[in-house]
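Welcome! Take a moment to look over the sequence and the 3D model below, and then we will walk through a few places together.

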Protein chains: 2
Amino acid sequence: MAETITFDPSTHPHRRLNPLTNEYVLVSPHRTKRPWLGQTEPPQASNLPEYDPQCYLCPGNARAGGQRNETYNNTMIFENDFAAVLPPPCPAPPPAPHPLLTTEPVHGGCDVLIFHPRHDLTLARLSVPDIERIIEEWRTVYKKRGTQEDIAYVQIFENKGAMMGCSNPHPHGQVWSLSAIPSLPGSELTNMRRYSLTDVPPSGAPRGPLGRPCMLCEYAHFEVGASSEQGRVVVKNDDWVALVPWWAIWPFEVMLLPYKRHVPSIAHLTPAEKSSFADILSKVTKRYDNLFSCSFAYSMGIHQRPVLPKEDVGLPDDQDEDNIAHLHLHFSPPLLRSASVRKFLVGFELMAEPQRDLTPEQAAARLRACSEVHYLDRDGVQE
Amino acid sequence: MAETITFDPSTHPHRRLNPLTNEYVLVSPHRTKRPWLGQTEPPQASNLPEYDPQCYLCPGNARAGGQRNETYNNTMIFENDFAAVLPPPCPAPPPAPHPLLTTEPVHGGCDVLIFHPRHDLTLARLSVPDIERIIEEWRTVYKKRGTQEDIAYVQIFENKGAMMGCSNPHPHGQVWSLSAIPSLPGSELTNMRRYSLTDVPPSGAPRGPLGRPCMLCEYAHFEVGASSEQGRVVVKNDDWVALVPWWAIWPFEVMLLPYKRHVPSIAHLTPAEKSSFADILSKVTKRYDNLFSCSFAYSMGIHQRPVLPKEDVGLPDDQDEDNIAHLHLHFSPPLLRSASVRKFLVGFELMAEPQRDLTPEQAAARLRACSEVHYLDRDGVQE
Ligand SMILES: [Zn+2]
Ligand SMILES: [Zn+2]
């Protein structure tokens with residue numbers, strides 16, 4: 001009798017589909033057959049000063065453009081001196097020299113948001129009230145930029161760590177506002193809209209506007225319900241869940257989203273949801289730092305409704321079809337096995353399809369095993 | 001009278017569409033208003049030995065799997081000891097636990113192709129006949145793997161340089177053969193097929209099978225015809241053109257393709273086209289090394305017809321609809337301004353859309369200005 005092999009997702013190569021982008025990731029779990037031995041390197045101390053006279057983001061210091069920062073106490077926002085997009089007027093490109101060579105005009109603005117006056121802190125070491133002030137700034141800039149004439153999209157993101165090409169460790173993020181919706185969120189919105197028009201049987205998950213199904217409400221509801229030792233949920237609180245998505249590309253990629261109701265954007269958060277957002281951001285970033293006892297590098301981006309309506313037309317949220325977007329954050333960290341071993345997206349991944357060895361379930365289990373007390377704040381660790 | 005501003009692609013931010021992927025790249029040329037001063041760092045000498053007793057790719061040495069390399073004289077191919085995909089049998093995954101969590105089985109094989117016995121050489125320093133032998137190996141493995149039962153796609157690629165995570169400098173590439181077509185070439189094929197079904201007026205460009213228009217025949221024909229000081233062509237020979245595509249993401253990205261006739265795959269090359277392929281590969285990689293006087297890092301991938309027909313059905317090439325693919329190579333190099341300043345695809349680019357400062361036209365001009373004599377082979381440079 002022929003032996004039948006049973007499929008084991010932590011043994012057999014397979015591909016998983018990302019329904020947000022409609023692209024696959026190749027999973028090669030047989031390449032990680034070593035047991036996980038946990039952290040072996042000593043914790044990295046923070047050698048950064050609380051204030052750096054050379055840092056253009058520290059309070060009172062001069063920026064590249066010549067202006068001087070206020071002596072701010074919480075957050076501070078300013079326009080980037082080297083913005084990737086510029087305000088109008090923006091001359092229209094000439095007709096395409098060939099139908100395959102098309103140019104689209106674009107304009108907008110780029111803001112820098114300093115998270116805190118302390119040069120040496122990060123989201124992982126800020127207090128929850130400090131993080132809530134950052135969320136409030138994100139809401140303010142999203143509303144302000146998003147209601148400007150011709151701004152079609154506001155991308156809030158953070159790029160953290162020298163490994164991600166971020167040259168300044170002072171805690172800060174960026175906000176790029178554009179007259180066009182960029183490719184990746186555009187593709188996510190297209191796929192979410194398509195999903196909302198399909199026939200999804202009741203699952204107990206919340207629904208989007210007009211009672212239509214929401215891909216991320218369905219997905220988060222399933223993951224929270226299926227949560228187990230084999231699952232992908234890292235941590236959840238009253239409103240938010242952090243999970244390693246089924247289709248994750250980066251070894252310890254995390255998606256963070258509200259799961260109790262359909263939330264189109266950060267502007268739609270209730271005060272309680274705003275507080276629990278700060279709480280889970282703190283918990284996720286602490287776990288990240290504790291994973292390899294280092295300041296964990298990542299790119300983080302907020303995907304949501306591209307902009308709010310330019311003017312209030314009195315439409316209730318659940319009647320506005322443009323609320324089909326579901327607020328979520330992507331964390332894309334490059335670290336793989338230790339504070340110094342990183343994943344490169346090159347070769348086959350650049351030319352064909354992303355590939356990972358560690359399964360999302362294994363990554364989630366490792367993040368679940370991490371403490372929510374930051375390693376630098378534990379007894380016996382000297383800064 | 002209001003002053004009218006004329007659009008200048010080297011001054012005004014804009015977006016360009018990549019018709020192969022249907023995704024945009026954001027171009028911010030105003031951020032490179034500095035004049036190009038050319039190379040300022042001294043040329044990097046090569047410190048590598050011709051033979052390294054520790055290298056698992058050098059002739060006669062032992063590999064990780066325990067096997068010993070032959071004392072090969074030209075190229076050598078072997079199956080990767082740590083393959084990302086495995087040969088069948090491959091158990092079928094169970095039904096999806098939720099419609100959004102789909103798994104697709106995948107199998108196949110991964111080969112390593114050593115380009116040359118010399119540990120210290122690269123494509124840029126191999127002779128044209130040596131490169132032609134590599135092309136012949138690519139053709140052999142493409143035919144062999146591609147006609148294996150259930151293999152749907154053969155991806156030939158090279159990952160060069162520590163900056164690209166390549167740990168061994170011994171000149172080599174890889175070939176991953178899969179039972180499924182990966183996301184990126186799949187998307188390119190979909191868009192090329194769609195284009196072939198549109199109504200494209202005669203342009204003088206070659207046509208694909210069944211007399212239908214081919215996106216890359218049209219594009220290459222236009223670029224070669226428009227070639228000028230402002231153009232994107234880097235170098236061309238009798239059959240091949242190397243250009244910085246209109247929609248390039250990487251600073252010095254290059255696309256290499258045949259422009260005189262529609263060529264679906266490396267198996268379809270005439271002997272003359274094979275020789276001119278080796279010639280232009282040598283010229284492009286020499287220019288790359290000369291740009292910053294260093295061994296230039298990149299990922300290179302060959303995109304073509306996914307596999308040849310499993311058996312000869314006697315259909316002429318120009319009647320076979322699956323010949324819609326047009327053979328082309330992508331070179332994705334990370335270097336930006338010098339041998340040590342790289343571009344990172346992070347932050348906005350990871351979360352929203354690729355972005356570049358230098359325009360493709362400026363990049364092409366710099367590559368055109370490079371010599372085709374390798375800097376290590378010039379008088380006065382000591383190895
Ligand atoms: Zn939702
Ligand atoms: Zn063609």
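Let's begin with His170(A), which is buried, having a relative accessible area of 1% (buried means under 20% relative accessible area, exposed over 50%, partly exposed in between, with a 1.4 Å probe and protein chains only). This is a predicted model, where local features need pLDDT of at least 70, side-chain atom pairs count only at pLDDT 80 or more, and totals for chains, interfaces and linings use all residues. Residues are numbered from 1 along each chain as its sequence is written, chains are lettered from A and ligands numbered from 1 in the order in which they are written, and side-chain values use heavy atoms, leaving out hydrogens and water.

His170(A) sits in the loop between strand 6 (153-160) and strand 7 (172-178) of chain A. Helices (H or I, at least four residues) and strands (E, at least two) are DSSP runs, numbered from the N terminus. Leaving aside residues up to four places away in sequence, His170(A) touches residues including Cys55(A), Cys58(A), Tyr72(A) and His119(A), where contact means heavy atoms within 4.5 Å.

Cys55(A) belongs to the loop between strand 2 (23-27) and strand 3 (76-79) of chain A. Cys55(A) is buried too, at a relative accessible area of 3%.

In an unreviewed UniProt entry, the annotation "binding site" covers Cys55(A), Cys58(A), His119(A) and His170(A). They span 116 residues in sequence, yet no two of their C-alpha atoms are more than 8.1 Å apart, so they gather at one spot. UniProt positions are given in the numbering used here, feature names are shortened, and annotations may be inferred rather than shown by experiment.

Now for chain B and its metal. The protein donors of the zinc ion (ligand 2) lie 1.8 to 2.4 Å from it; donors are N, O and S atoms within 2.8 Å of the metal (3.2 Å for Na, K and Ca), and sites may look incomplete because water is not among the atoms.

| Donor residue | Donor atom |
|---|---|
| Cys214(B) | SG |
| Cys217(B) | SG |
| His262(B) | ND1 |
| His326(B) | ND1 |

The site of the zinc ion (ligand 2) is tetrahedral, with angles of 104 to 122 degrees among its four donor atoms; four donors count as tetrahedral if all angles lie between 85 and 135 degrees. Both histidines are buried: His262(B) has a relative accessible area of 10%, and His326(B) has 1%.

Technical notes:
Tetrahedral: all angles 85-135°; square planar, octahedral: opposite > 155°, others 65-115°.
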